[in-house]
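Visitor: I have a structure to go through with you. I would like to know what stands behind the terms used for it.

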Number of protein chains: 2
Amino acid sequence: MKLKKLIAKLLLLGVGFVPSQLLAQTSLPLAENLINFNSSQGETLLVESKARQDYIPLSLQFETQENLAFCGVASIVMVLNALSIPAPKATEWVMYHRFTQDNVFDNPKTESIITKETVSRQGMTLQELAGLLKSYPVEVEVYHGNEVSLPEFRQRIINNLKQENNFVLVNYLRSTIGQERGGHISPIAAYNEQSDRFLILDVSRYKYPPVWVKAEDLWKATNTIDSVSKKTRGFVLINTELD
Amino acid sequence: MKLKKLIAKLLLLGVGFVPSQLLAQTSLPLAENLINFNSSQGETLLVESKARQDYIPLSLQFETQENLAFCGVASIVMVLNALSIPAPKATEWVMYHRFTQDNVFDNPKTESIITKETVSRQGMTLQELAGLLKSYPVEVEVYHGNEVSLPEFRQRIINNLKQENNFVLVNYLRSTIGQERGGHISPIAAYNEQSDRFLILDVSRYKYPPVWVKAEDLWKATNTIDSVSKKTRGFVLINTELD
Ligand SMILES: [Ca+2]
Ligand SMILES: [Ca+2]
Ligand SMILES: [Ca+2]
Ligand SMILES: [Ca+2]
């Protein structure tokens, strides 16, 4: 709306300085079952959340997936950086160590799970997501959508969101929650009890804002078959603890 | 501390799976006058802030400067994306329009202010920051550090932080606030009244976390001479409004 108003104003004023290649930033329309986090209602849900320990650490590491297949890679990088896992140098920052969607593959153990080139073509399955994470010093618990009831799905994720220093990544089918459209991976940052919704920090920032989604809708979206693995999607819990 | 504990544990366990090129992620130590936003005290300052309208929109667009000289470029991209200014296509996302630290220069008006290559060598001055922003349809007000008193500096920025759809970028000398070390540019996301501190969302995420800095320290850090412009640093206010 605001953007349309701005464009209309520019046109009215006969302002010609918006080069023709500049177009409205893409933010696909949201289905009615989703709440845009970047709205006053979305902000209120966070303020009222009692399970939001992961929100600030994740948002400080928020980044956009670098290509259409790298949702899992961006999600892994956010979590490894949020956990301060020892990282390779990043050539672009000379002497500084930090994970990027490029250097996260610079590890023989990582490459042996799935190569950067294969991920670029087909993304990754839930098991590959877990395997890539485990190529770094973190503990990973994997839950497939068909293995957990809605109450278990909700409770395991809430428990994590109430604790510091561990994180949740979810692998779901976008179309089930009313988005365009295939399999996707992103971090979950918070849970709001009154509305029974989880906040997804969607790494495809060129496409959608973060959204609050009903727990039941997200659970159903994880109980869908990934055509590569022939198994259901699901979620992973990631910890630095070595028991 | 936590990282040290983890590494000590790994060494104790004789775990050899941390390849030698993986090192602690850089986060330089913070001077005592600064408060790490990623701490319980830092979070409390945000919860108690009455001037934090810009925090969520900016944090959703948070990104890391792509090289050591691109603090201004990353800051501009965050603000243009937060304002939903019409953007070029980004080849990496095929059909999606969004500003990146690469495509923000794909505009003849932008290139005429200062080229990407020159910014890569020497960063940008406050005037160049304003000029680059004005090559897109936004209004920019420029304030040099030597032109504003501390009360005016504080009040103009607070007014902006209480309003939606406009943003503040600050150009300051890091060493004045106890950081390493030269001129820097980043967005300001909030103000906390009790502590009289501003929250800087530092775009060099490989180097420092966001910090809460005393208004007076930040003001002094803007009243420093930039060796390229021979003028003082300062801040800019950015609006989509066309009056
Ligand atoms: Ca957690
Ligand atoms: Ca454990
Ligand atoms: Ca504002
Ligand atoms: Ca105005």
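Visitor: What makes strand 5 and strand 6 of chain B a pair?

Guide: In this predicted model, 4 bridges join strand 5 (residues 197-200) of chain B to strand 6 of chain B, and the two run antiparallel. Pairing requires at least two bridges, so the term applies. One of the residues involved is B:Leu199, whose bridge partner in strand 6 of chain B is B:Trp212.

Visitor: Why is strand 1 of chain B also said to pair with strand 6 of chain B?

Guide: Strand 1 (residues 35-36) and strand 6 (residues 211-214) of chain B are joined over 2 bridges in the antiparallel sense. The rule asks for at least two, therefore they count as paired. B:Asn36 has B:Val211 as its bridge partner in strand 6 of chain B.

Visitor: How do you know which residues form the contact of chain A and chain B?

Guide: Contact means heavy atoms within 4.5 Å. The contact takes 63 residues from chain A and 63 residues from chain B. The two chains bury about 5500 Å² between them, with 62% of it on carbon and sulfur atoms. On the chain A side, A:Gln25, A:Leu60 and A:Tyr96 lose the most area to chain B, together 13% of what that side buries.

Visitor: How many salt bridges and polar contacts cross the interface of chain A and chain B?

Guide: The rule finds 0 salt bridges there. Polar contact is found for 16 residue pairs, both residues at pLDDT 80 or more.

Key. Residues are numbered from 1 along each chain as its sequence is written. Chains are lettered from A and ligands numbered from 1 in the order in which they are written. This is a predicted model: local features need pLDDT of at least 70, side-chain atom pairs count only at pLDDT 80 or more; totals for chains, interfaces and linings use all residues. Side-chain values use heavy atoms; hydrogens and water are left out. Buried area is the accessible area (1.4 Å probe) that two parts lose on being put together, summed over both. A salt bridge is a side-chain nitrogen of Lys or Arg within 4 Å of a carboxyl oxygen of Asp or Glu. A polar contact is a pair of N or O atoms within 3.5 Å; within protein, one must be able to donate a hydrogen and the other to accept it, and residues adjacent in sequence count only if both atoms are side-chain atoms.
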